[in-house]
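Let's take a walk through a protein model together. Keep the picture beside you as you read.

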Amino acid sequence: MHPHLPPELPPEPTSAPPILDRAHSDVVLIVDDVPDNLAVLHDALDESGYTVLVATRGEAALQRAAQALPDIVLLDALMPGMDGFEVARRLKAMAQTAHIPIIFMTGLTETEHLVAALEAGGVDYVTKPIKPKEVLARMNVHLQGARRARQEVRQAGQARNALDAFGYASITVRAVDGRIVWQTPLARELLQRYFGEAGPDGPPAAAGHWAPEPVQAWLRRHVLADNAAERLAASQADPPRLAVEQGARRLTFRLHQQAGDSAGGGDWLI
């Protein structure tokens, strides 16, 4: 047994999660059934300032990942029992671990095995015998991407909190299907006042449900049309608006900015 290797978590689900110092180092989970492989990587990563967790079985890896939520996983492809491909698929299927980058470690270089690793959810792979410097370089690339993603999520959350605090009526709508991703309390109140219950095809306008059909049609027209990019670029000084009248009152929607991934038209702040 390697003298500096931390023990695996016991298998009982009631085990207390480890206390990790995330302020000063990224947390790496290494999963490999060969102790010598674990030892080499553990020492190299530890010396580079990472907090290192280890697991030698697929089941233990899933438990440790769910408890500790590492920043990245180094995963052996071939292990007895549950192999690395299945571990990766299960990590990607769990909401709390789906975002964690997985780098496969494999001695198999045949195309089908590398394709299987990527299809299972891996972002990269390194071949055995493991070269610690190569692993560190690959990890750094993916950790930088993960840090940027976490920062963007934090900034989006801060912006939303500010909109809530100052009483803005704002919603974020997914263009491709009209789903309301997020909304402020005032926006929810206005949508219910003007549109009330949705028709027989949908639920009332609320986060997680769908924007009213006039809003969906207006959004699709401006961001999904063939010439949408040109129209949006031309309207920067005066963003597209939609006015809905109810008696003497008028509710105006203004297309503010894209708030998410551009795939499928993206999410839009209105």
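We will visit the cores, then a sheet, and then one arginine.

This is a predicted model, where local features need pLDDT of at least 70, side-chain atom pairs count only at pLDDT 80 or more, and totals for chains, interfaces and linings use all residues. Residues are numbered from 1 along each chain as its sequence is written, and side-chain values use heavy atoms, with hydrogens and water left out.

In soluble globular proteins, nonpolar side chains tend to be buried together. A nonpolar core here is a set of buried Ala, Val, Leu, Ile, Met, Phe, Trp, Tyr and Cys residues joined through side-chain atoms within 4.5 Å, and buried means under 20% relative accessible area, exposed over 50%, partly exposed in between (1.4 Å probe, protein chains only). The largest such core has 24 residues, and Leu29, Val87 and Phe104 are among those with the most contacts inside it. Helices (H or I, at least four residues) and strands (E, at least two) are DSSP runs, numbered from the N terminus. A second, separate core has 20 residues, including Ala175 and Leu191.

Now find the open sheet of four strands, ordered E7-E6-E11-E10 with antiparallel pairing; two strands pair if DSSP finds at least two bridges between them. Strands E7 (180-183) and E10 (257-258) each have a single partner strand, so one side of each lacks a neighbour in the sheet. Gln257 stands opposite Leu269 in E11.

Finally, Arg221 lies in helix H7 (residues 213-223). Is Arg221 buried or partly exposed? Arg221 counts as partly exposed because its relative accessibility is 42%.
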